[in-house]
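Hi,

Here is the structure I promised to pass on.

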Amino acid sequence: MRATVAAGGQASHGIQLGVVQEVLLALLAREPSHGYQLRAGLQLALGPLADALKEGQVYVTLTRLERAGLVSSERVGQANQSERKVYDLTPAGQQRVVDWLADTTWPKPAPAEFHLKLVAAAAAGLADPRRIVDAQRNVVLTELVVVQRAALSEPPLSVAGLLLEGVVLRLQADLHWLEACARFWAEPAAPNRATSREDGHERSAARPRPADDVRA
Amino acid sequence: MSEVLRARDLRMTYGRDTGTVHALEGVDLDVERGETVAIMGPSGCGKSTLLQLLGGLQRSTRGQVWVDGRQIDALNERALSRMRQRAIGFVFQAFHLLEELTAVENVELPALLAGRSPSAARHRAAELLDQVGLAEHAGRLPVSLSGGERQRVAIARALSNDPLVVLADEPTGNLDSVATSEVLRLLDGLRAAGQTQVIVTHDARVAATADRLISMRDGVFVEETRLDRGPSGPLSELAGLEG
């Protein structure tokens, strides 16, 4: 999730296609709709996050869904206006919606890599794990501030505010864990920190000095 | 000078001989007028002690504090108490409302103690309760209010004497998520209105209401971040929508 953001330095192509597909199908489950109605429904649910919805993304996705046989479309004439497409679910599309609602897949947080980074940094005497924790905490904290401010600008009972609250609570959980990391690696008996001290010799002049003297 | 609060080399030691605890180990702080500063750190890091020294509720072992340009360390108890009344509004985690007084009576109390006329104090208290969205609860006792409502009454009380600075100690510490949001909205509104605030907390959400965030550990400041209000770029990434 967050750890994978911009991993390849690629520009964002808007909201992940999968999410949009499933949501559009679900929005069509009640009644046939125009593309612009579907887009408005998505925008309401996302609030300030709707910026991520690129112009045309809804229409591109609907075209793909139609090609995949999950939706059908019909051109409907409107008084004094050009014809507009109305989309409807096919039986296959309905089945996909049912499957999606029943799906309990949940994005997992990914603390293992960070944990191993701390362990390796300590073991190799490359850096003080606490500095790494501090840097990471600053990043997460700044992210949390961004999202919490967006949440505070939403009116009470905003549906998008609920989404933002979910993001805030997850980031808060990350911060709690980083706090635990900071406490653990501050212990004089933490693994490898003790070992390297017993070694009694500097491995490299360039090695950052663990700041044990800050709080001996 | 537009500094409302200034502290230099603040130190606080509890106990003596072998049982000493160094709660603060040399803290410097400047708070500008209209600024909201959040001080974050785990429990036991010294942040509550710092707040008590800044507000003149305790005297430091070493170091100096200035409130509105006036050094408070040398003041006698009476002068210190007057300074607190005039310049400081306190907000505590446990609200500290008087249970036998109604909401409006709690809010007007500091103004009455400061010598304002009962009618002026009541008028201001009613205004403040309206400002925190509790005008219709003015006559209720704290026991009949929710946690979030009680804290909003406590914040109104803190504003009763139009303090130079509000000092808040874990203002969301006893609140659930919904009540936390209510209180954060209120604190953010005060910030936007130019109220100087120093908030100590371990709740990262509170930082969203601040202009500046200071991280504290083991009695010292370890990090300081200015929290600019720029465009909220990475929102959708953070929500897992993009990637």
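Among contacts in chain A between residues at least 6 apart in sequence, what percentage join residues at least 24 apart? The share is 60%, where a contact means heavy atoms within 4.5 Å.

Before the rest, a word on conventions. This is a predicted model, in which local features need pLDDT of at least 70 and side-chain atom pairs count only at pLDDT 80 or more, while totals for chains, interfaces and linings use all residues. Residues are numbered from 1 along each chain as its sequence is written, chains are lettered from A and ligands numbered from 1 in the order in which they are written, and side-chain values use heavy atoms, with hydrogens and water left out.

Chain A first. Its secondary structure consists of eight helices and three strands, taken from DSSP runs (helices are H or I with at least four residues, strands are E with at least two, and both are numbered from the N terminus). In sequence order the pattern reads α-β-α-α-β-β-α-α-α-α-α. Chain A has 216 residues, and 35% of them count as buried. Here buried stands for under 20% relative accessible area, exposed for over 50%, and partly exposed for what lies in between, with a 1.4 Å probe and protein chains only. The chain exposes about 12800 Å², with 58% of that supplied by carbon and sulfur atoms; the areas come from the Shrake-Rupley method with a 1.4 Å probe, and for residues only the protein chains shown count as cover.

Now to chain B, starting with helix α1. Six of the eight residues in α1(B) are buried, which leaves the helix mostly covered. The buried ones are B:Lys47, B:Thr49, B:Leu50, B:Leu51, B:Leu53 and B:Leu54. B:Thr49 has a relative accessible area of 10%. Apart from neighbours within four places in sequence, B:Thr49 touches B:Met12, B:Tyr14, B:Ala23 and B:Leu24. Just after this helix, B:Gly56 has a positive phi of about 70°.

Helix α2 of chain B (residues 77–87) is worth a look for its charges. It gives three residues, the largest share, to a positive surface patch. The patch is formed by B:Arg70, B:Arg78, B:Arg82 and B:Arg86. Patch members have over 30% relative accessible area and no salt bridge, and like charges are joined within 9 Å (for nonpolar side chains, that is Val, Leu, Ile, Met, Phe, Trp and Tyr, the limit is 5 Å). A salt bridge is a side-chain nitrogen of Lys or Arg within 4 Å of a carboxyl oxygen of Asp or Glu. B:Arg86 lies in α2 and is partly exposed, at 44% relative accessible area.

Most residues other than glycine have a negative phi. B:Glu170, however, has a positive phi near 50°. It sits in the loop between β7 (165–169) and α6 (177–192) of chain B and is buried, at 7% relative accessibility. B:Asp218 also has a positive phi near 50°, but this residue is partly exposed, at 33%. Its loop runs between β9 (212–217) and β10 (220–226) of chain B.

Finally, the loop between β7 and α6 also holds B:Asp176, which is exposed with a relative accessible area of 51%. The C-alpha atoms of B:Asp176 and B:Gly148 are 8.1 Å apart, with 28 residues separating the two along the chain.

Best wishes

Terms used
Lys and Arg count as positive and Asp and Glu as negative; His and the chain ends are not counted. The place of a charge is taken as NZ of Lys, CZ of Arg, CG of Asp or CD of Glu.
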